[in-house]
Amino acid sequence: MKDDDDMELYRLFDEIRVPPQDEVFVEKVTRQIARHRLIHRATLILVLAGAAVLAALTPWLTVLTGYVATGTKLFIPDLMTVILSPIGCSIGGGMGLFLFLRARS
Amino acid sequence: MSPSLAKDPLVSAAEISLVALAMSGDDTAFEELVRRRQGGIRGLMGQLSGDWSLADDLSQEAFLRAWRKIRTLRSPGAFGGWLRRIAVNVFLQHIRRAGAAIQNSDEVVPYPVVDDGDASIKMDLEKALARLKPIERLCIVLSYSQRMSHGEICTATGLPLGTVKSHISRGSTRLREYLKDYEGDVR
């Protein structure tokens, strides 16, 4: 009896509608694939170009990084001294108050 | 060679050859595979979701995923089953994204089924399917429509064998009851 019921269900599922051939669907999938392939290629080109630029600029960047590191080392202690001094606090507070009042008006 | 000249031999080519070509990066061969397999996958998604517009979106996602992963396919001869597994995974992910906890939920998620007044048995079956829980519907469709064995359903869905068997058993019983209701309504 159960087998008969199962056979009936199999038969019903065989009869259920299958969507007809749809060229629009195929075109949509093809377009999506083309877009993905384009994005993939563009990403690859950008990565390679980025790597090439980085490789070309490495010596210059090394020098620049050295300058920045040295400059920071020299500048930051002086800057902190100014910021933490009473005059620095007054100037900072004054500017802060000025900006606050200006923003409110 | 122009694309149109390259396309023609593909139309009559064996699927296994098309898969091998697609695996080597031939997009035209993959397009032909989409053309041949679209009916089956869209039909499966339609039965699973009960919404033919959503089914097309999910089918597109399945084919796109298949295109991305086709190089990982072990044997060109296994393409059909492999594609179906991808489609099932896309459906499962859609259900999870939609917030339906299909593993544990007892709640029936009613998918919209267009009622065009057709009292045919096909419409009855679609309506009855839409009343099943998504996970039951998935197991039922894979078993009765796709003719997959319980073991294959386990592999495709990642569900334990016992769970698959109970979903099929309970789902088919409910499906028959719903179908009887519709037959009663028609008469």
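This passage describes the contact between chains A and B, and then the nonpolar core and one helix pair of chain B, in a predicted model.

The contact between the two chains draws 19 residues from chain A and 25 residues from chain B. On the side of chain B that touches chain A, at least two residues are supplied by each of α3 (27–49), α4 (52–69), α6 (121–130), α7 (134–145) and α9 (161–186). Of these helices, α3(B) provides the largest share, eleven residues. When the residues on this side of chain B are sorted by class, nine are nonpolar, eight are polar and eight are charged.

The largest nonpolar core comprises 46 residues, and those with the most contacts inside it are Met45(B), Ala62(B), Ala87(B) and Phe91(B). When neighbours within four places in sequence are left aside, Phe91(B) is in contact with Met45(B), Leu48(B), Ser49(B), Leu58(B) and Leu138(B).

Two of the helices that supply residues to the side of chain B touching chain A, α3(B) and α7(B), also meet each other, their axes coming within 9 Å and crossing at roughly 140 degrees. Because angles over 145 degrees count as roughly antiparallel and those of 65 to 115 degrees as roughly perpendicular, α3(B) and α7(B) are oblique to each other. The crossing of the two helices is right-handed. In this contact, Leu44(B), Gln47(B) and Leu48(B) of α3(B) meet Arg137(B), Leu138(B), Val141(B) and Ser145(B) of α7(B), a set that by class has four nonpolar, two polar and one charged residues. Leu48(B) and Leu138(B), both part of this helix contact, are also among the residues in contact with Phe91(B).

Definitions and conventions
Residues numbered from 1 in each chain as written. Chains lettered and ligands numbered in written order. Predicted model: local features only at pLDDT ≥ 70, side-chain atom pairs only at ≥ 80, totals over all residues. Contact = placed C-beta atoms within 7 Å. Helix = DSSP H or I, 4+ residues; strand = E, 2+ residues; numbered from the N terminus. Nonpolar A, V, L, I, M, F, W, Y, C, P; charged D, E, K, R; others polar. Core = buried A, V, L, I, M, F, W, Y, C linked by C-beta atoms within 7 Å. Buried ≥ 20, exposed ≤ 12 C-beta atoms within 10 Å, placed from the backbone. Axes fitted to C-alpha atoms, helices over the stretch in contact; angles between N-to-C directions. Parallel < 35°, antiparallel > 145°, perpendicular 65-115°, else oblique. Left-handed = near helix turned anticlockwise from the far one by under 90°.
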